[in-house]
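Subject: Handover of a structure

Hello,

Please find the structure below, with its sequence. My notes on what was found follow it.

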Amino acid sequence: MMAANKAHDSKTSNEEIAEILSYLPDLSGKNVLELGDGEGRFTRHLAAKARHVDRVDFTGELSKLNQKQLEDLSNISFRIADIRSFSLDGEKKYDLVFTNGFFTYLDETTARGIFEGILNSLQLGGSFCFAEWCFNVPDDDKTRKNEAFYRLPDVYNSLFQSVSKETEDGSGVYSYEIVRSKSVETFIKHKATCNYIFWLLTKVRAAKSEAHGYKTFQEFLDNKQYSRMGILRYERIFGDNFISTGGIETTEEFVKLLRLKPKEHVLDVGSGIGGGDFYMAKEYDVFVTGIDLSSNMVSIALERANRFQDIRVQFEVCDATRRNYPAGTFDVVYSRDTILHIKDKHHLFSSFFKWLKPGGRLLISDYCCSEGEWSDDFKKYVQQRGYYLLSVKDYGKVLEDVGFVNVKAEDRTGQFVKMLEKELKRIENIKDDFIKEFSEADHTYLVEGWKDKLLRTHGDGNQAWGLFYGEKPL
């Protein structure tokens with residue numbers, strides 16, 4: 001397919017190709033399936049690294065053109081197929097399936113069928129890479145408006161998350177897991193748009209009992225704790241573009257502690273829907289990379305980025321515990337109420353330390369716990385939410401252990417309680433409008449949830465809130 005290929009002009013094409021190839025796993029000795037990449041801009045590059053490339057075109061004209069252009073390469077096989085009847089039977093297993101602008105021309109039923117076939121055709125641990133224009137038609141491709149489907153990113157997320165296959169022994173399921181998803185930076189640079197989105201998925205096997213009953217922890221977050229509707233409900237409490245305690249009020253206070261300088265680069269771990277990132281870029285003229293494991297969070301953040309058109313802010317779906325940046329990439333690491341999900345905090349904080357430049361700053365707010373024995377109710381709450389909590393003191397000690405200096409570990413539970421009370425009052429004051437937008441059950445859920453938080457802090461005293469600051473030595 002050639003979706004939006006007019007957007008790939010000579011100035012951007014080579015950079016785009018190099019960027020997307022840099023996101024792929026090592027292809028040495030691997031088998032690759034390439035589906036409908038139009039004029040085949042990536043085929044030669046894939047074949048140069050892979051053991052073999054099977055290329056499927058959907059018109060004979062394109063297939064003949066590509067065979068002629070690539071006739072000097074002996075490790076490419078060509079096939080012609082009708083997309084309406086195209087089938088991936090899974091008899092041959094691939095290490096990578098690659099498409100570019102392929103799904104833009106497929107309706108959702110057909111697209112889902114292709115996602116199913118690709119899952120069946122991948123080796124366990126194999127990768128599926130695709131990139132698509134999202135949100136709206138590229139400015140230089142208006143002629144294709146009636147031919148294509150320019151979807152929201154979360155439509156693609158929903159499509160591949162809906163796909164699974166029972167394992168051969170019936171004890172688990174095969175499914176997709178997102179390794180990375182982000183805007184292609186070449187188009188941010190040359191076209192000032194974040195709407196060209198790249199996904200790298202991997203085929204995983206999960207036991208049916210894992211991840212709180214979901215196929216992956218990522219799916220648990222997106223379908224249970226941070227469903228799209230759940231995120232939008234929280235936003236009504238915390239304020240536009242925010243889903244963390246205190247919204248803009250605590251953001252302004254905490255960001256001020258970082259002493260940001262223009263053009264510095266901030267990594268926001270657990271960036272949510274981007275409120276703090278847009279604020280830092282606008283008020284301090286910094287560049288912000290926001291990462292979050294929840295594809296729902298990042299999808300909404302990308303929608304807001306599309307609205308604000310601020311190319312200083314970029315978002316990526318990834319697992320911070322598996323992500324790797326070169327040493328000394330960032331001036332600041334910032335995180336709001338998200339590391340509570342991470343069990344091995346020492347490993348994650350060691351990564352933060354590595355990624356920061358000498359003299360770089362770290363600021364984290366996070367849920368914590370009391371140092372005493374937990375109540376049964378609090379134990380149940382922590383287990384249900386999938387949290388791993390430390391006391392404020394122990395949290396600060398981990399930061400010191402990995403090498404941070406000038407560490408400040410502050411118990412901000414009193415501030416947390418004041419924010420909860422203010423937010424609870426807001427929930428109650430907007431009841432009628434909230435019910436019109438969501439439901440009375442949703443309103444009741446939030447009110448009871450906020451009251452429970454107050455009980456866990458005021459009542460048994462097991463829940464705490466900490467603010468942490470540290471620096472990497474010069």
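Two strands are said to pair if DSSP finds at least two bridges between them. Helices (H or I, at least four residues) and strands (E, at least two) are DSSP runs, numbered from the N terminus.

Before the findings, some ground rules: this is a predicted model, in which local features need pLDDT of at least 70 and side-chain atom pairs count only at pLDDT 80 or more, while totals for chains, interfaces and linings use all residues. Residues are numbered from 1 along each chain as its sequence is written, and side-chain values use heavy atoms, with hydrogens and water left out.

Strand 10 covers residues 287-292. Five of its six residues are buried (under 20% relative accessible area; exposed is over 50% and partly exposed lies in between, with a 1.4 Å probe and protein chains only). Strand 10 is therefore largely enclosed by the rest of the structure.

Strand 10 runs parallel to strand 9 (residues 265-269), and five bridges join the two. Within this pairing, Val266 has Val288 of strand 10 as its bridge partner. Between strands 9 and 10 the chain passes through helix 10 (residues 275-284), in a right-handed β-α-β crossover. Right-handed here means that, with the strands pointing away from the viewer, the path from the first strand over the helix to the second runs clockwise.

Strand 10 also runs parallel to strand 11 (residues 313-317), again with five bridges. Here Asp292 is partnered by Val317 in strand 11. With helix 11 (residues 295-308), strands 10 and 11 make a right-handed β-α-β unit.

Salt bridges

A salt bridge is a side-chain nitrogen of Lys or Arg within 4 Å of a carboxyl oxygen of Asp or Glu. The whole structure has 30 of them. Three are described here.

- Arg112 and Glu116 form a salt bridge at 2.2 Å, N to O. Both lie in helix 4 (residues 108-121), and because they are four residues apart they are separated by about one helical turn. Arg112 is partly exposed at 29% relative accessibility, and Glu116 is partly exposed at 37%.
- Asp154 and Arg228 form a salt bridge, with their closest N and O atoms 2.9 Å apart. This pair links distant parts of the chain, 74 residues apart: Asp154 is in helix 5 (residues 153-161) and Arg228 in helix 8 (residues 228-238). Asp154 counts as buried at 12% relative accessibility, whereas Arg228 is partly exposed at 28%.
- Arg312 and Asp310 form a salt bridge at 2.9 Å, N to O. Arg312 is partly exposed at 24%, while Asp310 is buried at 17%. Through salt bridges that share partners, Arg312 and Asp310 belong to one network with Lys263 and Asp285.

Nonpolar cores

In soluble globular proteins, nonpolar side chains tend to be buried together. A nonpolar core is a set of buried Ala, Val, Leu, Ile, Met, Phe, Trp, Tyr and Cys residues joined through side-chain atoms within 4.5 Å.

The largest core has 42 residues, and those with the most contacts inside it are Phe103, Phe115, Ile118, Phe128, Phe130 and Tyr176. Helix 4 supplies the largest share of this core, five residues. Leaving aside residues up to four places away in sequence, Phe115 is in contact (heavy atoms within 4.5 Å) with residues including Phe103, Phe128, Tyr156, Leu159 and Tyr176.

A second, separate core has 39 residues, among them Val288, Ile427, Ile430 and Val447. Val288 is also the strand 10 residue that bridges to Val266.

Regards
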